[in-house]
Structures are given as C-alpha cells and as structure tokens.
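Subject: Handover of a structure, with notes

Dear colleague,

I am passing the structure below on to you, together with some notes on what turned up when I went through it. Please look at the sequence and the model first, and then read on.

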Amino acid sequence: MAIYNEIKRTKTFMGKLKFGGDLLEELTSICEEKDICLGSTEALGAVQKARFGFYDQKARKYDFIEIDKPLEITKLIGNISLRDGKPMVHAHITLSDSQGNAFGGHLAPGTIVFACEFIINSYDGPDHIRDYDEQTGLPLWKI
Ligand code: ZN
C-alpha cells in the first residue's frame with residue numbers, strides 16, 4: 001500500500017547554475033539558502049563530466065559510474081526532503097552523448113556543470129525525514 005501526504009506548492013525558484021560548479025552541491029546549497037525542506041526539482045543543460053550511481057540491491061550499496069566527457073542533461077528530476085536535519089536533494093539524471101546514447105542513474109557529487117537551467121519548487125506539508133530502511137538498506141522517508 002502506498003503511503004503519502006497532501007502537500008501544497010508554495011514557491012518556485014528558477015535560475016541557472018554556474019559554470020564549473022558541482023551539480024548536486026549547487027542544487028543542495030540553494031535549498032539550504034532558501035530553507036527548502038520539502039520540494040521538487042528539475043533541470044536540463046549540459047555537464048563537463050558526470051558521476052551517478054546504480055544501487056546494487058543484493059549488496060545494498062551504490063556502484064558509481066563516471067563518464068569523463070561532455071554530455072547533455074536530457075532530464076534531471078528530484079525531490080527535496082530532510083536527512084540529518086538538513087535539506088537533501090535526491091535526484092536522478094539522464095544524460096546523452098554526441099552519438100545520442102543515453103546514460104543515467106542516481107546523481108552523485110562529481111557531476112560538473114557546463115550550463116544548467118533549473119527549477120526548484122518549495123512545498124508546505126508534513127516533514128519527509130529520511131531514515132535507514134531495513135528492507136532496502138536505503139535512507140527512505142519515514143512518513
Ligand atoms: Zn536515487
């Protein structure tokens with residue numbers, strides 16, 4: 001059975017990230033700056049290089065993939081919630097190369113911005129706090 005809450009969108013922030021910044025860290029620092037503890041994000045643009053994870057469900061750990069070349073961000077989608085009392089951006093990203101091949105996964109630090117246009121939505125509603133989930137080994141929402 002799905003577990004969910006009703007939330008209300010309060011504010012939307014729209015902008016661009018700086019050249020050479022770390023994509024995940026830049027989005028996270030905007031959330032910290034604007035005190036966004038519940039929200040969503042999406043973005044597109046291009047990166048100089050990328051790092052993203054694939055969760056090994058048996059081993060219960062992330063394996064990281066690094067691609068050290070320019071790529072398009074065809075889609076970044078994520079949510080914002082609380083982990084250890086601070087905003088955490090959980091984002092998944094799909095990227096494409098010069099041949100149109102697509103790659104993607106769980107966005108990790110180490111993805112460097114070439115150009116990025118983002119939208120962050122701030123929500124008002126019950127806290128979604130991440131905590132260790134026994135069944136998956138992941139920091140999932142306690143709601
Ligand atoms: Zn993920």
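How many helices and how many strands does the protein chain have? There is one helix, and there are nine strands; please keep in mind throughout that this is a predicted model. Followed along the sequence, the elements come in the order β-α-β-β-β-β-β-β-β-β.

**Overall form**

The protein chain has a radius of gyration of 15 Å, which agrees with the value near 15 Å that a compact globule would have with 143 residues. Taken along the principal axes, the box filled by the C-alpha atoms is roughly 40 × 40 × 25 Å. Of the 143 residues, 40% count as buried, and the chain exposes about 8,800 Å², of which carbon and sulfur atoms supply 52%.

**How the strands pair**

Towards the end of the sequence, strand S8 (residues 129-132) and strand S9 (residues 139-142) run antiparallel and are joined by four bridges, and here Tyr132 stands opposite Pro139. These two strands form a hairpin with six residues between them, and Gly137, in the turn, has a positive phi of about 80 degrees.

**The hairpin turn and the loops**

Gly137 belongs to the loop between S8 and S9. Which residues does Gly137 touch, leaving aside those up to four places away in sequence? They are Tyr55, Arg60 and Tyr132. By contrast, Val113, which is 24 residues from Gly137 in sequence, is 30 Å from it in space, C-alpha to C-alpha.

Arg60, one of the residues that Gly137 touches, is itself placed in a loop, the one between S2 and strand S3 (61-67). Its phi is near 55 degrees, a positive value in a residue other than glycine. Is Arg60 buried, partly exposed or exposed? It counts as partly exposed, because its relative accessibility is 34%, a value between the limits of 20% and 50%.

Asp84 also has a positive phi, of about 50 degrees, although it is not a glycine. This residue is found in the loop between strand S4 (71-83) and strand S5 (86-96), and with a relative accessible area of 70% it is exposed.

Phe52 and Arg51 both have their place in strand S2. Is Phe52 buried or exposed? With a relative accessible area of 2%, Phe52 is buried, whereas Arg51, at 22% relative accessibility, counts as partly exposed.

The contacts of Phe52, not counting residues up to four places away in sequence, include Asp63, Phe64, Ile65, Ile67, Ile93, Leu95 and Phe103, and also Gly104, Gly105, His106, Leu107 and Ala108. The C-alpha atoms of Phe52 and Ile67, which are 15 residues apart along the chain, are separated by 8.9 Å.

Arg51, with the same exclusion of residues up to four places away, touches Phe64, Ile65 and Glu66, as well as His106, Leu107, Ala108, Pro109, Gly110 and Thr111. Arg130, on the other hand, is 79 residues from Arg51 along the chain, and their C-alpha atoms are separated by 22 Å.

With kind regards

Conventions. Residues numbered from 1 in each chain as written. Predicted model: local features only at pLDDT ≥ 70, side-chain atom pairs only at ≥ 80, totals over all residues. Heavy atoms only, no water. Rg over C-alpha atoms; globule rule 2.2 N^0.38 Å. Buried < 20%, exposed > 50% of the residue type's maximum accessible area, 1.4 Å probe, protein only. Areas by Shrake-Rupley, 256 points an atom, 1.4 Å probe, with all protein chains shown as cover. Pairing = 2+ DSSP bridges. Contact = heavy atoms within 4.5 Å.
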